[in-house]
Amino acid sequence: MKILKNSLFLSLFLALTLTSCDEGGDPNPGGTATQKFAGDWHIIALEPDGVTPAFGGDYNLFSTYNASSNDENFWIDDHDSWMEIKTKVQALDFNALTFAGQPNAPELYTGGTVTVTNGKILKNAAESFGGHVVDSIYFEAEFDWDPGTVYKFAGHKRTGFLEDEL
């Protein structure tokens with residue numbers, strides 16, 4: 001009797017467990033409106049000449065990610081590194097992967113403002129530090145703490161491979 005009772009319990013348990021795991025429908029959550037612009041990037045800030053690193057800096061990790069509005073807006077974020085830029089920008093052309101921000105948009109790390117212009121992502125147009133073909137990113141930014149100076153930001157997409165990390 002005990003074996004029959006245990007077998008019945010086990011059968012009932014398995015039946016409930018297996019049916020309770022059925023998610024039904026399409027398990028793909030989909031993407032976001034700006035997923036083509038999203039990622040982690042190794043970016044260097046350059047002086048207006050486009051050659052000299054700004055303030056003697058080097059590459060820093062930036063992230064671009066969608067805004068909660070899930071429209072053409074997305075964030076550029078350097079994780080509060082030395083250039084201190086976290087601002088919302090807008091995708092201008094989803095096919096050409098161009099973007100810009102509003103004039104004097106809020107910059108969240110300093111409480112100041114920043115104007116981002118001439119943003120562009122180029123597919124497979126760069127090499128990572130380890131030699132992998134990746135996307136490149138470029139944009140210009142003018143900060144309220146240095147009015148009239150337009151810094152150039154250039155870099156490439158992060159692969160996550162150890163040889164590509166700083």
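Reader: Is tyrosine 151 buried or exposed?
Author: This is a predicted model, where local features need pLDDT of at least 70, side-chain atom pairs count only at pLDDT 80 or more, and totals for chains, interfaces and linings use all residues. Numbering starts from 1 along each chain as its sequence is written, and side-chain values use heavy atoms, leaving out hydrogens and water. Buried means under 20% relative accessible area, exposed over 50%, and partly exposed in between (1.4 Å probe, protein chains only). With a relative accessible area of 1%, tyrosine 151 is buried.

Reader: How many aromatic pairs does the structure hold?
Author: Rings of Phe, Tyr and Trp (its six-membered ring) pair if their centres lie within 6.5 Å; planes under 30 degrees apart count as stacked, over 60 as edge-to-face and the rest as tilted. Counted this way, the number of aromatic pairs in the structure is 16.

Reader: What kind of pair do phenylalanine 55 and tryptophan 82 form?
Author: Their ring centres are 6.3 Å apart. The planes stand at 85 degrees, so the pair is edge-to-face.

Reader: How many residues apart in sequence are the parts that this pair ties together?
Author: Strands (E, at least two residues) and helices (H or I, at least four) are DSSP runs, numbered from the N terminus. Phenylalanine 55 lies in the loop between strand 1 (39-46) and strand 2 (60-66). Tryptophan 82 lies in the loop between strand 3 (73-77) and strand 4 (86-93), so the separation is 27 residues.

Reader: Is phenylalanine 55 buried or exposed?
Author: Good one to check on the model! Tryptophan 82, at 34% relative accessibility, counts as partly exposed. Phenylalanine 55 has 54% relative accessibility, so it counts as exposed.

Reader: What is the angle between the planes of phenylalanine 55 and tyrosine 151?
Author: These two rings form an aromatic pair at 5.8 Å centre to centre. The pair is tilted, with the planes at 35 degrees.

Reader: Which strand holds tyrosine 151?
Author: Phenylalanine 55 lies in the loop between strand 1 and strand 2, and its pair with tyrosine 151 ties together parts 96 residues apart in sequence. Tyrosine 151 itself lies within residues 150-157, which make up strand 9.

Reader: Which ring has the charged end of lysine 86 over it?
Author: A charge sits over a ring if NZ of Lys or CZ of Arg is within 6 Å of the ring centre and within 35 degrees of the ring normal. The charged end of lysine 86 sits 5.7 Å from the ring centre of tryptophan 75.
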